Structures are given as C-alpha cells and as structure tokens.
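Q: Can you walk me through this structure? I'd like the sheet, the charged pairs and any holes inside.

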Amino acid sequence: MSQRASRALAEPAANGGGSRIRQRQRQRLIDACISALHLYGPSRTTVEKVVALADLSPGIVRFYFESKAAMLVASLEYLAAEFEERVLLPVARMKDSPVQALRLLVELYLGADIASPRKVSVWYAFWGEASARQEYQDICGKKDDEFAVLVLELVERLIAATGATHLDADAVALGLIGVLEVLWQTFAFQSEANIDRAAAVERSLQYLRSVFPGEFRAPAGPQRQGAAPPAGGRLPARAYADPTLLAAEREQLLRPAWQLLGHEAELRAAGDFLTGDLAGERALVVRGERGRLYVFRNTCRRRPHALLAPRKGHLRSAIHCASHSLTYSFDGRLVAGATPGDLTPLEIQRAGPLIFARAGGAGAAAGIADAPWKELATILPRGVADLEVGADWKLLVEQWLESPQPQQHFIAPNLLLDIRPEGALILQVCPLAPGRSRIRRFDFVAREAAAAKGRGRSRRDAWQRRATAWLRQQIELAESTQAGLAAAAEEAAESGPVVPALAQFRESIAALVHALPAAEPARS
C-alpha cells in the first residue's frame with residue numbers, strides 16, 4: 001500500500017484536526033503553485049498568483065513557507081517525491097522481470113498522472129532555471145540520475161537474460177530515455193484531450209522491440225489480442241495493465257456513469273462548491289444565488305488547467321480564473337474577459353442528499369441505478385479521503401463483488417455503498433494509470449449517531465475502525481494481486497462458482513477486451 005494511503009487509513013478524514021487541516025492547506029498551496037508555474041514559469045510566479053489560484057489569503061503563505069523561493073522548492077520536491085513513489089519504486093520492485101519492468105516504466109512515465117501537460121511543463125521550467133539555482137539543479141539532477149540508473153540496470157538485466165551481449169547497455173538505455181524525453185516534450189505543448197498516450201507508449205515499445213526482437217510483444221490470443229474470456233470467467237492478466245484497454249474503460253464504462261461528488265449539506269450557501277474527478281473529466285458543482293445547483297467542467301476555457309483545486313470551498317461572488325482575467329457567474333456564464341465562451345455544463349442528478357455528476361457520452365443511462373437511497377436520507381457528511389492504490393481499479397471491484405455482504409450495495413461500474421445504522425461508507429474507485437487507481441472514501445454518520453454519547457458513540461467509532469481495517473485489507477490484497485499478475489507465468493483458473501454481479505462486471509470488461517486491435521503475429 002502506498003504511504004499516502006496508509007496515512008489516510010491510519011487517521012480517517014472524519015477525525016480531522018488542526019494538523020490535517022494544515023496539511024490540506026499546505027498541499028492546496030503546492031498544487032496551486034504547480035499550476036502557476038505551468039502558466040508563468042518560476043521567475044514570473046508570484047505569491048499573489050498562487051493564492052489567487054488556491055483561493056486563499058496571501059498572509060497564509062507565510063504560515064507554511066518562509067518565502068516564495070521556499071514555496072517553489074517545496075513544489076519541486078513534491079513532484080520529485082511523486083515521481084519516485086509512482087514510477088521509480090513500482091518499477092524497481094519488478095527488476096527481476098526486466099521486460100515487464102521496462103514495459104511498466106514506459107506506461108507510468110507516459111501516464112496522465114505523471115506526464116500531464118501541467119507537470120511536464122513545470123519540470124522543464126525548473127530545468128530552464130537550474131543553472132541559476134543550485135536547489136533546482138540538485139532536485140532535478142537527482143531525479144534524472146536515479147531514473148537513468150534504473151533504466152540502465154533494467155537494460156543490463158535484459159541483455160543478460162536474452163544473451164544479447166553484443167549490445168551496449170549504456171547506449172540502449174540512453175536511447176530509451178531519449179525517446180521518452182522527446183514524447184514528454186510533445187506533451188508539454190498539448191492539451192490533455194489531444195494527447196494520444198496509447199500511441200506514445202506504443203512508439204516507446206517499438207524502440208525496445210527494434211533492439212530486442214521477440215520481446216515486448218502484446219500477448220496474442222487464439223485469433224485476436226482481445227480474445228474475450230469465457231462468460232463471467234477470470235479476465236486475462238494483461239487486462240489489468242493495458243493502457244489501450246484502460247482508455248476504452250474510461251470512455252465506454254466510466255464516463256457515461258454517474259460519479260459521486262458529495263452531500264447537499266456541503267453546499268448550503270450560494271457560492272459553496274465541490275470538485276471531483278469523473279474518470280478523467282474534472283467537475284465543479286456550485287450552489288447558485290437562488291439555491292440551484294450548477295455543474296461544469298472544472299477547466300479554464302483558455303488553457304486546460306483546473307479553475308478550482310480544493311475539493312470544496314466557498315466563492316464570494318463569482319468563479320474566477322485569475323491567470324487569464326476571466327470571470328464567470330455561478331451559472332457558468334462568462335461575465336468578464338475574452339475566451340471562447342461560457343463554462344461547459346455537465347449532467348447532474350441527486351439521489352437522496354447525495355449529488356452525482358457525469359460527463360455523459362455513448363451508452364449513458366437515463367438515471368442512477370437502483371439502490372437503497374432512502375436509507376441515506378438522514379446521513380450527514382463526516383469526511384472525505386483519497387487513497388492511492390498500487391493496483392488496477394478492476395481488481396478492487398472484483399474483490400468487492402466476490403464476497404458480497406448484506407449491507408453492501410454495488411453501483412456499476414465503480415461505486416460501493418456500505419450502509420449501517422451508525423452511518424454509511426461510500427467508496428468510489430477510479431483509474432489513475434494501468435495498474436494504479438485511487439479510492440475516494442466518503443464517510444457519513446447517521447443524524448442520530450452524530451449526537452450520540454456514551455455507548456452509542458462507542459458503537460459508531462467501533463464501526464469506523466472496522467471499516468478502516470477492512471479497507472486496508474482490501475487495498476493490501478489488491479496490490480499483492482497486481483504484483484502477482486505482473487510476475488505470473490500463467491493465468492490461474494477460476495476456483496469456484498462466480499456470483500452473478502461479478503460475472504456481469506467481468507463480461508462488461510471482456511467485451512472491451514474482445515474489441516481491442518488484433519495482435520501482431522508471433523515470430524517463429
């Protein structure tokens with residue numbers, strides 16, 4: 001389990017406290033600083049621009065950072081630590097299988113989580129000023145050196161495993177790094193919607209295939225790469241690490257589905273807002289002047305950065321993009337500035353006190369699936385936490401469906417409700433990259449339990465501890481399974497009967513697997 005997930009599970013968001021609030025505010029400033037760096041570069045980024053993006057007061061910066069320079073260094077250190085946690089460490093754990101490790105390295109390095117246009121441009125901005133700032137050079141140089149050492153070691157292991165001793169490991173590693181860097185540079189000057197990540201991954205693998213013939217080929221089924229498993233049967237191992245399949249899942253399963261944003265009690269007054277992720281589409285819901293809720297893409301119309309970074313907050317009078325001097329009313333209309341137009345609306349629907357949104361698209365159902373929503377009528381929000389998981393989102397869903405509990409209700413394709421007398425736990429899992437996902441944990445408490453004291457409060461807290469322990473086990477199991485799938489020489493057969501809900505979920509994925517492009521014929 002990632003360190004971030006472990007920390008969040010050890011101290012549920014509901015228990016809050018000053019330290020958690022300070023951590024969130026500090027991270028909010030770092031996220032806003034990264035956005036400002038993307039827009040202006042290090043030299044033109046100012047405290048005023050950062051706090052405008054974070055929607056915080058200028059004075060709060062001094063509470064967390066001694067100076068603007070300290071804030072910039074903290075932002076760069078955050079990106080470096082993220083790169084180590086999400087790329088270097090997962091790949092290093094697979095060094096004994098160099099082909100799988102290099103494939104994973106390419107997919108993670110070019111994934112949207114690490115190689116977003118925003119983050120890539122920030123890396124290059126810091127490198128451009130590294131000669132004048134030793135801190136930048138130290139951090140950027142350390143990250144690049146560690147990456148180069150890892151790539152070289154993997155290439156050396158692959159040369160030894162294949163007997164291709166005629167190859168120069170250093171030259172091959174340098175070539176791969178060069179391919180990845182060129183692709184990163186193209187990402188920096190595109191919007192996310194225009195980036196074809198699957199094609200970028202394929203170009204990198206083509207380089208490796210040209211050096212190591214016979215390696216890095218997609219596993220071929222009897223006729224097609226995407227040959228589907230038997231109805232309801234176990235999915236092939238490659239389904240949990242395939243970027244092409246992940247793109248199809250996002251477009252055909254997740255984007256048309258309703259995703260939870262929050263509880264109506266979090267939007268009491270005009271100007272209150274919530275943000276969320278709709279499987280790659282950023283969403284923003286705002287309470288308008290007459291109590292109406294509006295939901296839009298949380299994206300500037302001039303450049304594709306988030307208008308609001310925090311999960312929730314309050315806007316005084318309008319939605320502002322300080323970077324481009326744009327102002328929108330709470331209903332999304334452009335009221336000041338020059339831009340292509342109003343904010344792009346998304347679909348919104350309510351189930352009891354819960355607020356859902358979706359991007360829509362082909363296959364979108366008319367309403368939210370049936371569930372015991374009436375049992376949630378009196379729940380109150382207690383906290384929200386994001387847990388990053390080193391496993392594919394489908395593994396978590398399969399685990400939820402393999403052993404269904406009476407109090408748990410699955411809403412396809414990625415939502416689990418656990419409803420108890422003490423309150424409710426709602427888990428929403430979304431993919432980050434092939435083999436990696438994020439669980440957004442929503443904790444709710446029943447109105448009666450919120451005011452309970454003595455034994456009532458003890459029962460509520462005991463349930464929260466059990467839920468946290470169960471979720472920790474689920475994450476650890478999924479991450480262990482993901483590692484086993486990556487290293488397995490063959491796929492295990494189904495060991496028993498498959499419950500109908502699990503069979504239906506697998507069949508929805510199998511249909512996408514079957515539609516994948518045909519594989520290259522294997523060389524003799």
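A: Start with a term: two strands count as paired if DSSP finds at least two bridges between them. Helices (H or I, at least four residues) and strands (E, at least two) are DSSP runs, numbered from the N terminus. This is a predicted model, where local features need pLDDT of at least 70 and side-chain atom pairs count only at pLDDT 80 or more, while totals for chains, interfaces and linings use all residues. Residues are numbered from 1 along each chain as its sequence is written, and side-chain values use heavy atoms, with hydrogens and water left out.

Q: OK. How many bridges join β6 to β7?

A: Three, and the two strands run antiparallel, with β7 covering residues 326-328. His 320 sits opposite Thr 327 of β7.

Q: What order do the strands of that sheet have?

A: The order is β6-β7-β8, an open sheet of three strands with antiparallel pairing. β6 (319-321) and β8 (334-336) are at the edges with a single partner strand each, so one side of each has no neighbour in the sheet. The twist from one strand to the next averages 30°, taken between axes that are lines fitted to C-alpha atoms (for helices over the stretch in contact), with angles from 0 to 180 degrees between N-to-C directions.

Q: Switching to charges. How many salt bridges does the structure hold?

A: It holds 30. The criterion is a side-chain nitrogen of Lys or Arg within 4 Å of a carboxyl oxygen of Asp or Glu.

Q: Which side chain does Asp 113 meet in a salt bridge?

A: That of Arg 86, at 2.3 Å from N to O. Asp 113 lies in the loop between α6 (98-109) and α7 (117-128) and Arg 86 in helix α5 (residues 68-92), 27 residues apart.

Q: Are those two buried or exposed?

A: Both Asp 113 and Arg 86 are buried. Buried means under 20% relative accessible area, exposed over 50%, and partly exposed in between, with a 1.4 Å probe and protein chains only.

Q: What about Lys 394, which partner does it meet?

A: Lys 394 and Glu 249 form a salt bridge at 2.8 Å, N to O. The pair connects helix α12 (residues 393-402), which holds Lys 394, with helix α11 (residues 243-254), which holds Glu 249, 145 residues apart. Lys 394 counts as buried because its relative accessibility is 0%, and Glu 249 is buried too, at 1%.

Q: And Glu 388, where is its partner in the chain?

A: The partner is Arg 438, at 3.5 Å from N to O. Glu 388 is in strand β11 (residues 379-389) and Arg 438 in strand β15 (residues 436-446), 50 residues apart. Glu 388 is buried at 4% relative accessibility, whereas Arg 438 is partly exposed at 23%.

Q: Which residues are linked in a network of salt bridges?

A: Glu 82, Arg 86, Asp 113, Lys 119, Glu 388, Arg 436 and Arg 438.

Q: Last topic, holes. How many cavities of 30 Å³ or more does the structure hold?

A: One. A cavity is a set of points, on a 1 Å grid over the protein atoms alone, where a 1.4 Å probe fits but cannot get out; lining residues have an atom within 4 Å of a point. The largest cavity has a volume of about 30 Å³, the volume being the space filled by probe spheres set on the points, which are joined across faces, edges and corners.

Q: Which residues line the largest cavity?

A: Leu 79, Glu 82, Phe 83, Ile 114, Lys 119 and Trp 123. α5 gives the most to that lining, with three residues.

Methods
On a 1 Å grid over the protein atoms alone, a cavity is a set of points where a 1.4 Å probe fits but cannot get out, and a pocket is an open set with protein on both sides within 12 Å along at least five of seven lines; lining residues have an atom within 4 Å of a point.
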